[in-house]
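Work through the exercises below with the structure in view, and try each task before reading its solution.

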Amino acid sequence: MATTFSASVSMQATSLATTTRISFQKPVLVSNHGRTNLSFNLSRTRLSISCAAKQETVEKVSEIVKKQLSLKDDQQVVAETKFVDLGADSLDTVEIVMGLEEEFGIQMAEEKAQKIATVEQAAELIEELMQAKK
């Protein structure tokens, strides 16, 4: 699926196989690389693209968060879930990060780990680190 845009647009693609074309002054091809959400924000001087993490990574992170915080199985933890909304304090967040590092075989820089507030942010950082590891 390909779409062409011009002017100021905000768009979200949900298909795993979606490829999106943006026409501003010159054509730009952007692929979502298997991510579940792909959004574009066009402003006068910038185009910013933010990609949500793969669903499988989000689900793994959610399970680790639930385990680290001893949440009940029926408690819903999704990409947008904030750790503080689950009752996590700074020590809990450190333990979550340590659990994620162990599970995914990565090391998170402290300054990046401190900025993680949601499941999705954690999943995106994990994918970024795993990609750099390759």
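The structure is a predicted model, and pLDDT is the predictor's confidence in each residue, on a scale from 0 to 100.

**Exercise 1.** Find where in the protein confidence is lowest and where it is highest.

*Solution.* Begin with the protein as a whole, for which the mean pLDDT is 75, with 61% of the residues at 70 or more. Then go through the elements: strand S1 (residues 10–13) has the lowest confidence, at a mean of 41, whereas H1 has the highest, at 95. Over residues 1–29 the pLDDT is below 50, although this stretch has 62 contacts in the model beyond near neighbours in sequence. Where pLDDT is low, the predicted coordinates should not be read in detail.

**Exercise 2.** Check the span of helix H4 against its number of residues, and work out which helices its buried residues pack against.

*Solution.* Helix H4 covers residues 119–133, and at 1.5 Å a residue its 15 residues should span 21 Å, which agrees with the 21 Å between its end C-alpha atoms. Next, pick out the buried residues of H4, among them Val119, Ala122, Leu125 and Ile126. The buried residues of H4 pack against helix H1 (55–68), helix H2 (90–104) and helix H3 (110–113).

**Exercise 3.** Determine which parts the salt bridge between Lys60 and Glu103 ties together.

*Solution.* The side chains of Lys60 and Glu103 meet at 3.8 Å, N to O, and a salt bridge requires a distance within 4 Å. Lys60 lies in helix H1 and Glu103 in helix H2, so the pair ties together parts that are 43 residues apart in sequence. Lys60 is partly exposed, at 39% relative accessible area, and Glu103 is also partly exposed, at 43%.

Terms used: Residues numbered from 1 in each chain as written. Predicted model: local features only at pLDDT ≥ 70, side-chain atom pairs only at ≥ 80, totals over all residues. Heavy atoms only, no water. Helix = DSSP H or I, 4+ residues; strand = E, 2+ residues; numbered from the N terminus. Expected span 1.5 Å × (residues − 1). Buried < 20%, exposed > 50% of the residue type's maximum accessible area, 1.4 Å probe, protein only. Contact = heavy atoms within 4.5 Å.
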